[in-house]
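Please read this report with the model open beside you, and look up each residue as it is named. The report moves from charged pairs to strands and then to nonpolar groups.

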Amino acid sequence: CGGGGGGGALPPLPRVQLVESGKDSLSGGCGVVVISYDLAVRRAAELRAAGFGVAIADESHALKEPESQRSKALLPLLGGVRRLVLVSGTPSPSRPAEIFTQAKLLRPGIFGRRQDFERRYAAAHQGRFGWDAKGASHVKELHAVLMHALMVRRTKAEVQSQLPPKVREVLLIDAPEAARAWARVEAERAAGPAKEHSAEMTLAYMETGRAKAAAVADHVARLLAAPGRRKLLLFGHHKAVLDLWEERLRGVCSHVRIDGEVPHEARDYRVATFQGDPAVRLAILSIRVASHGFTLTAASVVVFGELAWNASDLAQAEDRAHRISQLAERVQVFYCIARGSVDEVIWRLVEKKLQVTSSLMSGGRAAGFGSGASGPAAAGLRGAALSGPAAAAAASGAKPSSPDIRSFLRPGPPAGQSGGGGGGGGGG
C-alpha cells in the first residue's frame, strides 16, 4: 500500500493498493484497491470477503454479457456494495440489449425481466436461430429513462473543448481478390439456406485484409513521407495482415507494434517509446488489443487498414490519438475500404450500429462514420450512470439535475436496494 497524508483542513487520504499480480496481498487495511478485471475475476472471493462499501467499474461495458466468466464472477461483488459507479464511453457498443445488465446492477427492478426489456427496446423476437435481441426499438424512450433514472452524460465537447477537429476520409481501393472472396459469400447465400455463422464470411474478411495490404502500406508510406514528420497509427485485425504491413514498411521508418502476442509490460514500454522518441513515427496496432487503454497522442494521423465489426472499437481506436494532450491542428483519420468486398458490408453495418447507439446516448439521430463530421457521436463520450430515484421524474418529463458525485460516496444501503441513491455507470 502507498500511504497518503492530508494537508491543512483536508482529511487524511486513504491508503491505496495497486494489485498487479495474483500474489499481491489484499490485506493490510488499504482504503482503496485498484485491480484489473482479469485479476478481480481470479480473486473475487477475497474481494467479497474484504467488504468494500464503494466500487467503481471503469469501462463497464465489459460486463454487458451476463453469461461471461467475468460477469458471473463480478456481478455479485458489484451488486453487494453500498455505492456503485459504472463508467464507460460506450456503455452500449452495438445495440440496446447490452445496457440491461449494467442497468440491473444499479436498479434491479427498473426494467423488469431481461426478456421484457429486449421485447420493448431491442425489437426481440423468436427467429430461425433462436431468440433474436440484436435489434433496436423505442430508442428515444430508453434514452429518456436512462437519463432520468441512471445516467449522467458528459460529451467530449463539454469536457475537452480545446481538442482539435477530427477529419475522416474514406480511401477506396481496387482489390480484385477481395471482390472475388465476397462473390463466393454471395454464391453461398444463393445456393442454400442462410447460415448464422458463415465460414466463407470469415475467410472473406481475412482475404480482404490480405488483398489490400500492399495498397494500405503504400498509402501509409506516402503519408509518412509528407512534410511535417507526423506520427501515424495503423490499425488492423488479423495478425497475418499486420505481418504484411510490418514487412513492407520496415525500411520506411522506425516503428513499434502492439498486438495480442506482446506481453502487457512490453506494451506500456512500446507506448512510451512511440510517445517520446521522435524517430519512431509509426505504430502498427491490433484493433482488439490497442483500441482501449492507451494514450498515443504523439500521432495525428490514424489509418484503418482493416475494419472491425463493432463501431465502438473503431471510435475508441480513433481516440487513442484524439484525446487530451493532442497538440496537432487536426487529427486525420483514413478508412481503407476495398471496392465490392466484405468491407462495404461491414461499413454499412457499423454505420447502422453507430446511429443506433448514438441515438440511445443522445436521444436523437446521430451522424455516422461516413458523414465527414468532426467525430461520431459515440466517440469520446464519457459519463457515469448514477442510480437514484428518478423514475417519477422520467414520467413527468422533468429535467434531471447533475448530482454531486460526493453525495454518492456517503454510507447507505447496497446499490441494488431501493432505499439509497447508489452511484452507477455506463455514461455516453
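## Salt bridges

The side chains of Glu-98 and Arg-95 meet in a salt bridge with an N to O distance of 3.8 Å, where a salt bridge is a side-chain nitrogen of Lys or Arg within 4 Å of a carboxyl oxygen of Asp or Glu. Glu-98 is buried, with a relative accessible area of 5%, whereas Arg-95, at 21%, counts as partly exposed; buried means under 20% relative accessible area, exposed over 50%, and partly exposed in between, found with a 1.4 Å probe and protein chains only. This is a predicted model, in which local features need pLDDT of at least 70 and side-chain atom pairs count only at pLDDT 80 or more, while totals for chains, interfaces and linings use all residues. Residues are numbered from 1 along each chain as its sequence is written, and side-chain values use heavy atoms, with hydrogens and water left out.

How many salt bridges does a search of the whole structure find? The search finds 24. One of them joins Arg-43 to Glu-46, with the closest N and O atoms 3.0 Å apart; here Arg-43 is buried at a relative accessible area of 6%, and Glu-46 is partly exposed at 39%.

## A network of charged side chains

Another salt bridge links Asp-243 with Arg-257, and the closest N and O atoms of this pair are 2.8 Å apart. Because Asp-243 lies in helix α11 (residues 239-249) and Arg-257 in strand β10, the pair ties together parts that are 14 residues apart in sequence. Helices (H or I, at least four residues) and strands (E, at least two) are DSSP runs, numbered from the N terminus. Asp-243 is partly exposed, with a relative accessible area of 30%, while Arg-257, at 8% relative accessibility, counts as buried. Through salt bridges that share partners, Lys-239, Asp-243, Glu-246, Arg-257 and Asp-259 are joined into one network.

## Two parallel strand pairs

Strand β10 (residues 254-258) runs parallel to strand β11 (residues 280-286), and 5 bridges join them; two strands pair if DSSP finds at least two bridges between them. Within this pairing, Val-256 has Ala-283 in β11 as its bridge partner. Together with helix α12 (residues 264-276), β10 and β11 make a right-handed β-α-β unit, and a crossover is right-handed if, with the strands pointing away from the viewer, the path from the first strand over the helix to the second runs clockwise.

Strand β3 (residues 54-58) and β4 also pair in the parallel sense, over 5 bridges, with Ala-57 standing opposite Leu-86 in β4. Ala-55 is found in strand β3 and counts as buried at 13% relative accessibility; Ala-55 and Val-33 are 22 residues apart in sequence, and their C-alpha atoms are 9.6 Å apart in space.

## An enclosed strand

Why is strand β4 (residues 83-88) largely enclosed by the rest of the structure? The reason is that 6 of its 6 residues are buried. In a regular strand the side chains alternate between the two faces of the sheet. In β4, Arg-83, Val-85 and Val-87 point one way and Leu-84, Leu-86 and Ser-88 the other way, and all of them are buried.

## Nonpolar cores and a surface patch

The largest nonpolar core has 39 residues, and those with the most contacts inside it are Leu-233, Phe-235, Phe-274, Leu-285, Val-302 and Phe-304. Helix α15 (residues 342-362) gives the most to this core, with 6 residues. Apart from it lies another core, of 37 residues, among them Ala-40, Ala-44, Tyr-121 and Leu-142. A nonpolar core is a set of buried Ala, Val, Leu, Ile, Met, Phe, Trp, Tyr and Cys residues joined through side-chain atoms within 4.5 Å.

On the surface, Val-16, Leu-18, Val-32 and Val-34 form a nonpolar patch with about 290 Å² of accessible area together. The elements that give two or more residues to this patch are β1 (16-18) and β2 (32-34). Patches are made of residues with over 30% relative accessible area and no salt bridge, with like charges joined within 9 Å and nonpolar side chains (Val, Leu, Ile, Met, Phe, Trp, Tyr) within 5 Å; accessible areas come from the Shrake-Rupley method with a 1.4 Å probe, and for residues only the protein chains shown count as cover.
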